[in-house]
Amino acid sequence: METEPKKSKGWCWWIVVLAIAAMVAASATLTIWSNARHSKVSSVRGRPGKIAEKYADALKIAIQFFDIQKSGKLVNNKIDWRGDSGLEDGHEEMLDLSKGMYDAGDHMKFGFPMAFTATVLSWGILEYGDHMKAVKQLDNAQASLKWITDYLINAHPSPNLLYIQVGDPELDHECWERPEAMTEKRPVIQVNTSFPGTEVAAETAAAMASASLVFKKINSSYSNLLLKHARQLFTFADTCRGSYSVNIPQVQPYYNSTGYGDELLWAASWLFHATRDESYLKYVTLQNGDAFANWGTPTWFCWDDKLAGTQVLLSRVNFFDTTEISDGENIGLQMYRKTAEAVICGLLPDSPTATSSRTDSNILF
Ligand SMILES: *[C@@H]1O[C@H](CO)[C@@H](O)[C@H](O)[C@H]1NC(C)=O
Ligand SMILES: *[C@@H]1O[C@H](CO)[C@@H](O)[C@H](O)[C@H]1NC(C)=O
Ligand SMILES: *[C@@H]1O[C@H](CO)[C@@H](O)[C@H](O)[C@H]1NC(C)=O
């Protein structure tokens with residue numbers, strides 16, 4: 001599906017995002033979002049069991065990856081070969097875009113996959129925070145998430161303006177160097193009402209809405225700030241519809257998007273979970289389900305296509321939270337749930353509809 005440049009530029013994110021996504025997807029059938037009705041954040045039921053060291057180590061290394069990717073003035077840096085970098089990012093626009101994370105081996109800050117990473121990291125923390133805590137990784141995971149959301153807040157200085165990229169990929173990719181030593185110009189790219197970017201604005205809204213749940217009990221004013229940005233960005237994404245790939249052609253060789261319908265549904269689903277505001281539920285069911293949900297057609301969850309994640313997220317509402325939901329909304333939710341089931345049946349190795357895109361030892365590709 002993807003072109004080579006995308007794969008090679010972004011593969012490091014993939015490993016972490018896919019690992020977290022796999023945990024999240026597996027949890028769909030196991031977890032009860034018991035307190036959702038009261039907007040409480042809950043995670044996987046039951047105490048973490050006996051710790052398996054090899055998995056604890058794998059999680060630690062996966063989460064450490066985020067520390068390695070950090071831009072800006074580092075705080076409590078545990079990576080001895082990393083230092084401050086990108087301190088002037090955003091300076092020309094009078095913004096502090098120094099934080100956030102570099103894409104992979106390069107020093108680009110690509111807003112679209114970075115926001116997706118934040119959304120999936122939030123989801124991982126919401127589901128598995130207790131387990132992360134048991135192996136002393138929860139603080140690290142939250143700190144890495146905040147490193148991205150701090151950046152996203154600064155990248156969104158007014159309701160209809162979002163900075164979506166820092167760095168010039170051509171210049172950046174010509175030079176193999178440490179971020180601490182880079183001297184290239186660091187131009188920024190924005191989306192606005194004349195050149196909107198629905199995918200990236202909606203994904204950033206999803207990141208902030210999901211992170212607002214993570215930080216709700218830790219710092220309610222930070223959580224509310226994230227939610228304010230999330231609501232504004234969603235309105236911007238929805239009312240100024242336009243593909244960022246079309247409006248900002250420079251992104252095409254890197255993280256080109258195949259459409260924004262999935263991001264709109266995904267963002268509205270997170271906003272519904274974060275706010276319990278029924279307008280977001282109507283949005284994904286009655287108002288835009290037919291147009292964008294592609295019900296009945298399972299796809300894989302990735303930075304370009306969030307439909308599978310949306311289906312799993314909305315299945316929770318359909319399973320556990322139906323009392324105050326209208327018939328029309330409920331029919332939409334059931335369609336999401338059926339499609340989520342088809343996605344999961346494609347993944348499970350013994351299912352009659354299991355995908356054959358897997359190795360002999362059942363690794364999916
Ligand atoms: C709106 O965004 C486009 C694309 O990034 C940019 O070329 C243009 O200058 C921006 N408009 C304003 C008023 O800054
Ligand atoms: C909570 O968040 C607010 C808003 O971002 C911030 O100003 C404040 O310093 C935070 N409080 C703590 C204890 O971190
Ligand atoms: C990028 O995606 C758009 C559709 O969103 C498509 O028209 C364009 O051809 C794609 N470009 C590349 C280089 O794949």
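Start by selecting helix H11, residues 278-287; its buried residues are Tyr280, Leu281, Tyr283, Val284 and Thr285. These cover an arc of only 165° around the axis, which puts them on the same side of H11. The arc is taken over the directions from the helix axis to the C-beta atoms. Recall that an α-helix has 3.6 residues a turn, so residues three or four places apart point the same way.

You are looking at a predicted model: local features need pLDDT of at least 70, side-chain atom pairs count only at pLDDT 80 or more, and totals for chains, interfaces and linings use all residues. Residues are numbered from 1 along each chain as its sequence is written, while chains are lettered from A and ligands numbered from 1 in the order in which they are written.

Some cut-offs for the tour. Buried requires 20 or more other C-beta atoms within 10 Å of the residue's own, with C-beta atoms placed from the backbone. Contact requires C-beta atoms, placed from the backbone, within 7 Å. Helices (H or I, at least four residues) and strands (E, at least two) are DSSP runs, numbered from the N terminus.

Next, show the partners of H11. Its buried residues pack against helix H10 (261-275), helix H12 (289-292), helix H13 (307-320) and helix H14 (327-347).

Select H13. The buried ones include Leu307, Gln311, Arg316 and Asn318. From first C-alpha to last, H13 reaches 20 Å, close to the 20 Å expected at 1.5 Å a residue. That expected span is 1.5 Å times one less than the number of residues.

Now pick Ala268. Leaving aside neighbours within four places in sequence, Ala268 is in contact with Phe234, Tyr280, Tyr283 and Val284. Ala268 is also among the residues with the most contacts inside the largest nonpolar core, which has 86 residues. Such a core joins buried Ala, Val, Leu, Ile, Met, Phe, Trp, Tyr and Cys residues through C-beta atoms within 7 Å. Helix H3 (residues 111-134) gives this core its largest share, 12 residues.

Move to the ligands. Around ligand 1, select Ile189, Gln190, Asn192, Ser194, Phe195 and Ile248; a shell residue has its C-beta atom, placed from the backbone, within 6 Å. By class, that shell has 3 nonpolar, 3 polar and no charged residues. Ligand 3 has 7 residues around it, with Ser243, Ser245, Gln252, Asn256 and Thr258 the closest.

Finally, zoom out. The protein chain has 14 helices and 3 strands. Of its 365 residues, 44% count as buried.

Definitions and conventions. Buried ≥ 20, exposed ≤ 12 C-beta atoms within 10 Å, placed from the backbone. Contact = placed C-beta atoms within 7 Å. Nonpolar A, V, L, I, M, F, W, Y, C, P; charged D, E, K, R; others polar.
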